[in-house]
Amino acid sequence: MSSKAPFDRIRRSLALRLSLWFAALFAIGFGAIFAFLYWTLGRQLEARDYEALQLRLEQYADIYEASGLQGLRERVAEDSQGPHVRSLFIRLVSPGGDSVWGKIPPDWIESDVQHVAVPFGWVEQRNYRLRVPRDAEQDLTVVSRALADGDLLQVGRSTDSRAVLLAPLRRTFLWVGGAVVVIGFGAGLLTARRATRPLHDVVTTARRIIATGALDARVPAPRREDDVAELVRAFNTVLDKNAGLVRAMREALDNVAHDLRTPLTRLRGTAELALQPAGGAAAQAEALGDCVEQVDDVLKLLRALMEISEAEAGMMKLERTGCDLGAIARDAVELYGEVAEAKPVTLVTEIAGAVPVMADATRLRQAIANLIDNAVKYTPAGGHAAVRVAVDGEDALLTVSDTGPGVPVAEQPRVWERLYRGDASRSQHGLGLGLSLVRVIVEAHGGRVAQRNAPEGGAVFEMRLPLTEARAGVAAETEARRVI
């Protein structure tokens, strides 16, 4: 098994496969280009020979038409002094196919000497035969033209075979092409290994995390800017988010365990008390009532967690209708009127006219009620909390402020996290889910939330929602007039 491991790594190497593909494609491309050039060069050589013969044929045909066969013979005899015409094959063929006249190149005629016996000795006899040089090394090119009298004039020439002429080019291509492919493969392998090194780092980091559970492991950032570097950065970002989610999950589990421990302990104690027969039926009924209350607290915690999870997953169902944010805020304030009076905390409302929004009124009322509950809870007796609704540009703005201790600066970025409870809130009864539920409800409506501390003290929570289109247009027009 171990002996096959290096071979398997080589076989699975992306750099090697990329290099092989690159070399194969390069070889195919280089071969296709050479084949095209080879064919083009061969065609040009052929065209050159054909054009030269065609030009000579036209000259001789014109001479024949003007001066007849005798004029043609004289012109050929004059031209035969040059090497180009001496190697020409010229023939005049009658309409019946018989050769009327012809000129055969000297190198087409072969002769041999034979000794023939005669009565008084031996006599040398020379025999001549015609050999048209057309073989693997010689090509024959012939052009023809029909003359006015019906004869056919032919001009031809034997040339070196184009395959023979181009053979050195083919050999050069094989050597050069092979060397280029090998060099290209080596250069491609080095380049591919350098380009895919971050991918190996990603695999190594992933294996390390799987083997050791070290969530802080990260891939070294590449020094260049390309797609692989972007992939590495995205992978590290995913690792950061996963580590944050795991950390948040652990904190959430710790908070859930902390918040469930008290009601479950009380529930167990109450149930044990109800099982004792000494208290009588009245004590048992009271104990069972306490059990129901504790169960309701647990169900409330679980229900809030499920709602937040649905909203964060984009699955919260909203029944949007046209409604007035100010009217919803008044309803929520009325719900907490008695709670504020009992503390006592002064709860005031400031609403600047109608503020229309397209929203789920029930969900918004739930979010606003959580903000008011939070303000009343952390406002000391004798303080006051205010709920204000107004139009701010193209947004509907709702703020809930109080005169409590405010939120420490170090805790402000985390107040909207689920199950997060600051040090000051540990003494207050609650689940740590109210502000998280506010955030997800507002974001599900396309809005946003914010928190700050007022200069004079106390916390200020903001909720911004998009205005309906008609009201947003009026607000924008009003703002434009104000600027003018």
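The legends below describe close-up views of a predicted model.

View 1

**View 2. Parallel pairing of β8 with β10.** Strand β10 comprises residues 384–392 and is joined to β8 by 6 bridges, the two strands running parallel. Within this pairing, T346 has H384 of β10 as its bridge partner.

**View 3. Packing of helix α8 against helix α10.** Two packed helices are described by the angle between their axes and the distance between the axes. Here, the axes of α8 (residues 325–335) and α10 (residues 361–378) come within 9 Å and cross at roughly 50°. This angle makes α8 oblique to α10. The crossing in which α8 passes α10 is right-handed. On the α8 side the contact is made by L325, I328, A329, D331, A332 and V333, and on the α10 side by A361, L364, R365, I368, A369 and I372. By class, this contact has 10 nonpolar residues, 2 charged residues and no polar ones.

**View 4. Helix α11 and its covering.** Helix α11 spans residues 434–444 and is mostly covered, with 8 of its 11 residues buried. The buried residues are L435, S436, L437, V438, R439, V440, I441 and V442. Just after α11, G446 adopts a positive phi of about 80°.

**View 5. The hairpin formed by β12 and β13.** Strands β12 and β13 run antiparallel and are joined by 6 bridges. V449 is paired with M463, its bridge partner in β13. Between the two strands of the hairpin lie 5 residues. In the turn, G457 has a positive phi of about 110°. In a regular strand the side chains alternate between the two faces of the sheet.

Terms used
Residues are numbered from 1 along each chain as its sequence is written. This is a predicted model: local features need pLDDT of at least 70, side-chain atom pairs count only at pLDDT 80 or more; totals for chains, interfaces and linings use all residues. Side-chain values use heavy atoms; hydrogens and water are left out. Axes are lines fitted to C-alpha atoms, for helices over the stretch in contact, and angles run from 0 to 180 degrees between N-to-C directions. Helices (H or I, at least four residues) and strands (E, at least two) are DSSP runs, numbered from the N terminus. Angles under 35 degrees count as roughly parallel, over 145 as roughly antiparallel, 65 to 115 as roughly perpendicular and the rest as oblique. A crossing is left-handed if the near helix is turned anticlockwise from the far one by less than a right angle, and right-handed if clockwise. Contact means heavy atoms within 4.5 Å. Ala, Val, Leu, Ile, Met, Phe, Trp, Tyr, Cys and Pro count as nonpolar, Asp, Glu, Lys and Arg as charged, and the others, Gly among them, as polar. Buried means under 20% relative accessible area, exposed over 50%, partly exposed in between (1.4 Å probe, protein chains only). Two strands pair if DSSP finds at least two bridges between them.
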